[in-house]
Amino acid sequence: MSDSLLTSTLFLVVVAITIAITIWASRQTSGTTDYYAGGRQFTGFQNGLAVSGDYMSAASFLGISGAISQYGYDGFLYSIGFLVAWLVALLLVAELLRNSGRYTMADQLAYRMRQVPVRTAASVSTVGVSIFYLLAQMVGAGTLVALLLEVDDGWLKNLTIAGVGALMIFYVTVGGMKGTTWVQIVKAVLLMTGTLLITILALAEFGFNISEMLGQAADQSGEGAAFLEPGLQYGTTTTAKIDFISLALALVLGTAGLPHILIRFYTVPTSRVARTSVQWAITLIGFFYLMTLVLGFGAAALVGTEQIASVDPAGNLASPLLAEAVGGGEGSTGGAILLALIAAVAFATILAVVAGLTLTSASSVAHDLYANVFRKGRMTEADEVRIARIAAFVIGAVAIALSILAQDLNIAFLVALAFAVAASANLPSLLYNLFWKRFNTRGAVWAIYGGLVSCVGLVIFSPVVSGPVTGTALFPDSDWSYFPLSNPGIVSIPFGFLMGYLGTITSRERASEERYPELEVRSLTGAGAEGAVHH
Amino acid sequence: MAEDVTTRQHEAYTRIHASEEFSLLRKRFRGFAFAGTVAFMAWYLLYVLLSSFAVDFMSTQVVGNINVALVLGLLQFASTFLLAVVYSKFANRRLDPIADELRNGYDKEIGR
């Protein structure tokens with residue numbers, strides 16, 4: 001379908017640009033604040049772009065437009081949850097976290113609690129969420145690159161995953177937060193520009209009449225008007241409806257608990273700039289999801305739902321195929337150029353997101369586990385950065401190995417799981433810590449492990465892992481799916497909050513309560529918060 | 001034990017925490033943030049419930065091929081943009097001046 005030479009060339013251009021940025025950034029990185037937080041020198045607009053870059057993964061770019069092209073309206077439901085979720089970050093988390101922490105999610109808990117248990121718990125959930133998310137992206141990268149370059153060879157797929165992994169290790173170990181942030185910025189600009197171009201070209205095919213595009217999409221989908229209504233993907237049984245509500249909860253509450261999003265707020269000089277970053281992120285992400293609506297319905301209308309599914313059953317190639325169609329169709333020069341362009345944008349997207357995730361995990365392992373749990377803070381900055389680089393290397397290598405083993409897992413499921421764990425394990429302790437004086441170490445530890453274990457446990461006993469219900473279960477022939485829902489959020493999120501509450505009221509920790517006023521003053525006013533580094 | 005602060009820092013934090021300005025800042029912030037969160041969550045959950053349990057209503061045609069479901073979905077986008085802008089205005093006018101004053105006082109007291 002594609003012009004492999006052109007696509008490969010553009011891929012190499014993306015790789016060359018990002019490597020150049022990384023090397024440039026490495027020359028300006030010296031201490032821990034540079035390595036973990038990019039010196040806290042980014043502007044609101046720059047960080048807004050970087051946050052969008054971290055957030056708009058291949059799962060949203062390819063996955064949502066693909067889901068819309070296959071299931072119509074139901075695909076759009078994802079984008080709404082993903083966007084509304086930013087209000088939690090804006091109103092409750094971003095600014096307070098910026099003022100009360102330093103490098104990792106655990107910092108703001110450790111401010112008033114016992115270091116070892118809370119840092120260990122927060123690090124476990126950080127690495128857990130990031131690994132689920134990382135697997136989703138890398139498995140996606142393997143499939144995507146194989147499809148785009150038309151190599152349907154298991155060996156080449158593995159090589160692609162290893163290549164993506166090697167690049168991500170390079171960005172993170174060499175460039176640190178500064179390099180990774182600039183890679184996100186470049187990726188966000190490429191993604192927004194590429195998406196805008198295809199959106200305009202697609203709308204032009206219908207004389208910019210959205211109603212006409214929707215009508216043709218409904219006709220071409222083979223579903224008629226039902227394609228524009230809720231219910232095609234999630235079905236009509238009560239279980240399916242509760243499952244959907246459960247997913248909707250995880251999406252809206254997960255974002256503000258994603259560690260790789262949270263540590264972005266440390267890269268700016270003040271909490272006010274953190275607020276501006278979220279404003280920009282909401283604007284950019286909102287417009288992006290509006291455009292994916294056009295991409296999805298446009299692809300259904302111009303390429304056809306079945307045609308898209310014949311190339312990839314999940315519909316993940318809807319956007320690239322739409323680009324080819326609006327460029328002049330298969331075999332045309334315009335079509336080949338636009339297809340290669342969108343493929344390169346998707347590739348840049350994957351590279352940037354996996355780098356952000358690896359950096360987050362490595363920071364947490366080095367700063368929380370090694371520096372503060374293992375060495376009790378007795379080490380130099382240079383030592384800590386060295387450990388962070390080694391951790392990035394190890395986590396990257398583990399991610400490559402797991403991705404190669406996990407190639408048959410469903411990507412959308414892994415992303416939804418990452419959001420569910422973030423909402424169940426991270427959000428409760430984050431909110432309790434910022435707003436509840438009585439909250440303490442046992443509460444935080446119970447909330448994190450309770451949310452994490454209930455979430456992963458329910459998934460293990462769900463129809464996604466075993467049994468014949470979904471048709472795509474890992475073990476379709478044996479059945480231990482005692483929990484009927486695929487999405488655990490509706491149970492595990494309240495459970496995380498409940499465990500945090502129970503842990504707190506069954507123990508008394510004077511130190512944590514005594515330090516709460518400090519935390520409160522610091523988080524609301526920024527008095528004593530970490531400042532920017534000036535070189 | 002958690003991150004350490006000096007006695008002077010601790011005293012400064014305690015003084016600020018006890019001040020009327022800080023109580024006002026906290027009251028204003030929590031008032032807006034909690035009310036805003038309840039409002040957008042309720043509005044979002046209403047939308048999710050309508051999408052699951054009121055498919056017929058959602059399928060009503062508004063104009064051309066555009067139905068209620070699409071309009072409500074787009075309204076979720078609009079309300080998100082709106083709340084973000086309103087919060088920002090509110091924070092600039094009603095929160096930042098108090099926070100700045102308290103922080104400057106702290107910096108002076110600690111001597112940075």
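Colleague: At what angle do helix α19 (residues 441–460) and helix α20 (residues 489–505) of chain A pack?

Modeller: This is a predicted model, in which local features need pLDDT of at least 70 and side-chain atom pairs count only at pLDDT 80 or more, while totals for chains, interfaces and linings use all residues. Helices are DSSP runs (H or I, at least four residues) numbered from the N terminus, and axes are lines fitted to C-alpha atoms over the stretch in contact, with angles from 0 to 180 degrees between N-to-C directions. The two axes lie 7 Å apart, and the packing angle is about 155°.

Colleague: Does that make α19(A) roughly parallel or roughly antiparallel to α20(A)?

Modeller: Angles under 35 degrees count as roughly parallel, over 145 as roughly antiparallel, 65 to 115 as roughly perpendicular and the rest as oblique. With an angle of about 155°, α19(A) is therefore placed relative to α20(A) as roughly antiparallel.

Colleague: Which element gives the largest share of the side of chain A that touches chain B?

Modeller: Residues are numbered from 1 along each chain as its sequence is written, and chains are lettered from A and ligands numbered from 1 in the order written. The contact, which requires C-beta atoms placed from the backbone to lie within 7 Å, takes 47 residues from chain A and 48 from chain B. Eight residues, the largest share on the chain A side, come from α21(A).

Colleague: What radius of gyration does chain A have?

Modeller: Taken over C-alpha atoms, the radius is compared with a globule rule of 2.2 Å times the number of residues to the power 0.38. For 535 residues a compact globule would come near 24 Å, and chain A agrees, with 23 Å.

Conventions
Contact = placed C-beta atoms within 7 Å. Helix = DSSP H or I, 4+ residues; strand = E, 2+ residues; numbered from the N terminus.
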